[in-house]
Amino acid sequence: MVSQRKLLNNLFLILFLFCGTITYSQIGIGTNDPQATLDVREADPNAPTSGAGISVPQVSVLPARGNRNGQIVFNTTKNRYYYFEGTTWVPLNAYSLPEIKNITTSYTLLPIDSGVVFTANSATDITVNVPSNLPVGFNISLYQTGNGKVTFTGSFGVLVLNRLQRFTTAGQQAAAGLICTSSNTFFVTGDLVKN
């Protein structure tokens, strides 16, 4: 039979370890006094070493899904950071030049296309389809470089609006912009004509 004193000592040890994990939930790297959940500090902020900073996971292609909102990766192929917003990966565009993507056939926009400058170099007319999974703030620019005109259309439940009901580029060298101002509502502007 286990002595009562030994049982109390074990219970006290378990309680102490359990309370320690509950009360101390901050991690400090380079500091003994973390001020956040994860607090990383350079030893000498006035003379940082080449190892200063945080390196996030680097990938050549984006994972099919993330594990949670706010997850961050660095895409080495696109040379930019992406964060997971619950359903898709979204580029962090701060201080980066926009990607230029050439399309020669009809194209359905993707969430990762936000901020992209499209050139449409087609001899025949093409369509840019606007799907329902694009976030508010999504925006692109498009420049028609070929003879084929470009028409913007919304998929089921998506509104693509223009004051004059113009949704097709006017001809070679025409420019257009598209922005999502609220859920599934987009405005298209630029050098456009009626379909």
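**Figure 1. Leucine 38 and the nonpolar surface patch.** Leucine 38 lies in strand β2 of this predicted model. Together with Ile27, Ile29, Val40 and Ile54, Leu38 forms a nonpolar patch on the surface. The accessible area of these residues together is about 480 Å². Two elements give two or more residues to the nonpolar patch, namely β1 (27-29) and β2 (38-40). In a regular strand, side chains alternate between the two faces of the sheet.

Figure 2. Alanine 43 has its place in the loop between β2 and β3 (58-59). With a relative accessible area of 79%, alanine 43 is exposed, because the value is over 50%. Threonine 31 is 12 residues away from alanine 43 in sequence. The C-alpha to C-alpha distance between threonine 31 and alanine 43 is 8.5 Å.

Figure 3. Aspartate 113 sits in the loop between β8 and β9. The relative accessible area of aspartate 113 is 1%, so the residue counts as buried, the limit being under 20%. Beyond its neighbours within four places in sequence, aspartate 113 is in contact with Lys101, Tyr107, Thr108, Phe118, Phe138, Asn139 and Ile140. Proline 91 is 22 residues from aspartate 113 in sequence, and their C-alpha atoms are 8.3 Å apart in space.

**Figure 4. Serine 114 and the backbone of asparagine 139.** Serine 114 is found in the loop between β8 (107-108) and β9 (117-120). This serine is buried, at a relative accessible area of 10%. A polar atom of the side chain of serine 114 lies 3.4 Å from the backbone nitrogen of asparagine 139. Asparagine 139 is also listed among the contacts of aspartate 113. On the strand side, asparagine 139 stands opposite isoleucine 179 in β15.

**Figure 5. The turn of the β15 and β16 hairpin.** Strands β15 and β16 form a hairpin, with 2 residues between them. Asparagine 184 is in the turn, that is, in the loop between β15 and β16. Most residues other than glycine have a negative phi. The relative accessibility of asparagine 184 is 21%, so the residue counts as partly exposed.

Figure 6. Glutamine 173 has its place in the loop between β14 (168-169) and β15. Its phi is positive, at about 80 degrees, although glutamine 173 is not a glycine. Is glutamine 173 buried or exposed? Glutamine 173 is exposed, because its relative accessible area is 62% and the limit is over 50%.

Figure 7. Threonine 151 is found in strand β12 (residues 150-154). With a relative accessible area of 16%, threonine 151 is buried, because the value is under 20%. Its side chain makes a polar contact with the side chain of threonine 168, at 2.8 Å. Leaving aside the neighbours within four places in sequence, the residues in contact with threonine 151 are Ile126, Thr127, Val128, Phe167, Thr168 and Asn195.

**Figure 8. The protein chain as a setting for the close-ups.** The secondary structure of the protein chain comes to 1 helix and 17 strands. The chain has 195 residues, of which 30% count as buried. Among them are threonine 151, serine 114 and aspartate 113. The accessible surface of the protein chain is about 12,900 Å², and 57% of this belongs to carbon and sulfur atoms. Of the contacts with a separation of 6 or more, 39% are between residues 24 or more positions apart.

Methods: Residues numbered from 1 in each chain as written. Predicted model: local features only at pLDDT ≥ 70, side-chain atom pairs only at ≥ 80, totals over all residues. Heavy atoms only, no water. Helix = DSSP H or I, 4+ residues; strand = E, 2+ residues; numbered from the N terminus. Buried < 20%, exposed > 50% of the residue type's maximum accessible area, 1.4 Å probe, protein only. Polar contact = N/O pair within 3.5 Å; in protein donor to acceptor, adjacent residues only side chain to side chain. Contact = heavy atoms within 4.5 Å. Pairing = 2+ DSSP bridges. Patch = residues over 30% accessible without salt bridge, like charges linked within 9 Å, V, L, I, M, F, W, Y side chains within 5 Å. Areas by Shrake-Rupley, 256 points an atom, 1.4 Å probe, with all protein chains shown as cover. Salt bridge = Lys/Arg side-chain N within 4 Å of Asp/Glu carboxyl O.
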